[in-house]
Each structure stands twice: as structure tokens, then as C-alpha cells.
Amino acid sequence: MAKKIVYLIPGLHFPSGMERVLTLKANYLADEFGYDVTVILTEVKDKPFYYPLSPKVKTINFDLNFDRMYGLPLHRRLVYYRKRLRKFKKMLTSTLCELKPDITVSLLRRDINFLNTVPDGSVKIGEIHFNRSNYRDFNNRMLPGFVRDAVKKYWNAQLIRELKKLKKFVVLTREDEALWTELDNVTTIHNPLPFYPGPDRVSPCTAKQAIAVGRYTWQKGFDLLIEAWKRVAVRHPDWTLRIYGGGDPTIYARMVEEAGLRRTCRLEGVTDDVVGRFCESSVFVLSSRFEGFGLVVAEAMACGVPPVAFACPCGPKDIIRDGEDGLLAKEGDVEDLAEKICLLIERDELRK
């Protein structure tokens, strides 16, 4: 009988790393090993999956829509959340006891609060796609700082209690593994490449173009990258930076305009051919304030594009061997990031 694995994740309709990696793994385990794989979801039953899922992978959507609570006043949000969580626990317990999987894998969303109590007989595994330092932040500015700190402390203590009960807890980097000092069940499994382009799709590193890829959010640090590119453009006005990503780039477009970079810094949308975009570029830049892993660094390197990255937590230091296959800039240091980019621009042989 085929091994039965269940994955628990809110949704698969959004283009982010967690959804992408889960889809890759579920497809591989079902298609290559013949495992019986089911993904249990809670959000937006009517939306299509962003990444293609193998027809061999089964899905169950409870259609609970926790995300609808965001935007509600805090007291209504708490009532909505508690009602939905009770319903989720009841539905998940019933479903797992019916499916009787060999392994249940939580991606540490709402289910981790009660998964260990489900008597379905499966081995319980947790995997986190964020780094510890930036997970379970509580940043509600409507509450005093001491209240936020107390909530975060309680929230994280609750998480540690549940993680200790798991058979294994999987993190993405050795750097992050070292931070979970309370646990003795932690192991590191790096994210897999979603593609391997092969020798015919590798950048020659001759085009005068740098590239960055990621969502237009504060985490990705594109404001820091634009500040760094101001310095690069003074020394190398013939080079162009292209930033590809989803989300709203309005605030960054204003920065580009105010910095006088409209000719040398282009804000693009999501690309359907990221390999092609890498192959027409010669330097990749990761300006993130933090990462869970930084899969896009590995993708760029697979296409032969040397990376320059902030040594942010967590990921770049696991992926890049500084000075050998890429360059690490001091965390958040715009001047150092600019200098490292200029180093690769100015030294053709080193870049290639």
C-alpha cells in the first residue's frame, strides 16, 4: 500500500515560496514515488492554484476563509477567529481520522495550535518557511508596546510547547536551526530548485544589466536597493537595474523618480519567464531585510548569474560562499551593497 502523506497549508492560490515549494514536493512524491498525497486547505475554495498541481495529488478545501477577518475591528476579529478555529479543529480531526495518513505535515499555520491532539495515528511533522526572528511578530500599532511584547512572548511560548511534541521540526537553513535552542528535534532541509535550466540557458554575464526578483514589500528591501543603485548609477550610468515582482510598486516608483533613476532603474511586473530574465542579466541582487531561505538566489545561480546579497537572516549565508560563488554585503548596509555590485560590474573576469 502506498505511503499516505497529508500536507496542511491555508491556500495554494498565492505566488509565494511556501506554496511553490509545497507544490513541488507534493508533485514529486506523488509522481515519482507513487505516494498517496493529500493537501488540506482552508482558504478561497473558488480560486485556481497558482502553481500547477499534479492530478495525482488530492486536495480538500474546508473553505473556512480565516483571511476574511483582516480588516475587522480587533474585538470582532478575535470572535471570528475563535469560531473558525473551533470549526477547523473539528473538521481536521474528522478528516485525518478518516484518511488515517502515515505522516501529517504542518506548515505551522493555524493547525499547529491543536494538531498534536488529533488521534489519527499519523507521525506529526512541522516545517517552517520563515526564519525564527521574523516569525509570529505581533505588530498591531493600536496596542501599547508592552501589550504587544506580552502577546508575542505568550504566542511564542505556546508555539515552542507544540513544536516539542512533533516527531521532527524542519527548518530551511542551518543558520536558523541554531536559533531554536529549546528544541532537540530540529533538522535542516534546504528548499529545492523549482527548475534546472541546463547548459543552453545560462547567462554569459556580458549584458550591462542587473536584476532583482521579489514581491514589492518592505521585507524585500527594494527601497534599500534603489538607494544603493543611486550610487552604482553615478559610477556606471550605462548599466540598468530591472526589478521583477508582484504587488504595488507605487512607493518604489516614486523613489526612482525622486532619485533621478528613471532611465537606469526599471520596475517590472511578474514575469512568466524568470529563466529568460536571468539569462539576459549579469548580476543578481538580493536586498531583503530577512528571508526564510531566499530561493531566488539559488535560481539566479543556477542560471549562471552571480549574486550580491545582504547577509540577512536567514538564507544567503547558507547559499552563498562569499567571494567564491557570490558576494555578501553587510546586513542593511546600502554603501556596502553598492560597492559589491560595482565590484562585479568593474571586474569582468570575476563576474564571469
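This is a predicted model: local features need pLDDT of at least 70, side-chain atom pairs count only at pLDDT 80 or more; totals for chains, interfaces and linings use all residues.

Modeller: We can start with the overall picture and then look at single residues.

Biologist: OK. How many helices and strands does the protein have?
Modeller: There are 11 helices and 13 strands. The radius of gyration is 22 Å, close to the 20 Å that the globule rule gives for 352 residues, so the protein is as compact as a globular protein of that length.

Biologist: And what does the C-alpha trace span along its principal axes?
Modeller: About 65 × 50 × 40 Å.

Biologist: What percentage of the residues count as buried?
Modeller: 51% of the 352 residues. The protein exposes about 17400 Å². Carbon and sulfur atoms supply 53% of that area.

Biologist: What about contacts between residues 24 or more positions apart?
Modeller: They account for 61% of the contacts with a separation of 6 or more.

Biologist: Let's go inside. How many residues are in the largest nonpolar core?
Modeller: That core has 32 residues. Those with the most contacts inside it are Leu225, Trp229, Ile243, Cys265, Leu337 and Ile341.

Biologist: New topic. Lys340: buried or exposed?
Modeller: Buried, with a relative accessible area of 18%. The cut-off for buried is under 20%, so Lys340 qualifies. This lysine is found in helix α10.

Biologist: What does Lys340 touch?
Modeller: Val308, Leu327, Leu328 and Ala329, not counting residues up to four places away in sequence.

Biologist: And where does Tyr7 lie?
Modeller: In strand β1, residues 4-8. Tyr7 is buried too, at 5% relative accessible area. Its contacts beyond four places in sequence include Leu22, Val37, Ile40, Leu107 and Glu127.

Biologist: How many Å separate the C-alpha atoms of Tyr7 and Val79?
Modeller: 27 Å, with the two residues 72 apart along the chain.

Biologist: Now the backbone. What should I expect for phi and peptide bonds?
Modeller: Most residues other than glycine have a negative phi, and most peptide bonds are trans.

Biologist: So what is phi for Val44 and for Leu108?
Modeller: Val44 has a positive phi of about 35 degrees, although it is not a glycine. Leu108 has a positive phi near 60 degrees.

Biologist: Where are they?
Modeller: Val44 sits in the loop between β2 and β3. Leu108 lies in the loop between β4 and β5.

Biologist: How do they stand on burial?
Modeller: Val44 is partly exposed, with a relative accessible area of 24%. Leu108 counts as buried, at 1%.

Biologist: Last one. Is the peptide bond from Pro313 to Cys314 cis or trans?
Modeller: That bond is cis, with omega near -15 degrees. Cys314 is placed in the loop between β12 and α9.

Definitions and conventions:
Residues are numbered from 1 along each chain as its sequence is written. Side-chain values use heavy atoms; hydrogens and water are left out. Helices (H or I, at least four residues) and strands (E, at least two) are DSSP runs, numbered from the N terminus. The radius of gyration is taken over C-alpha atoms; the globule rule is 2.2 Å times the number of residues to the power 0.38. Buried means under 20% relative accessible area, exposed over 50%, partly exposed in between (1.4 Å probe, protein chains only). Contact means heavy atoms within 4.5 Å. Accessible areas come from the Shrake-Rupley method with a 1.4 Å probe; for residues, only the protein chains shown count as cover. A nonpolar core is a set of buried Ala, Val, Leu, Ile, Met, Phe, Trp, Tyr and Cys residues joined through side-chain atoms within 4.5 Å.
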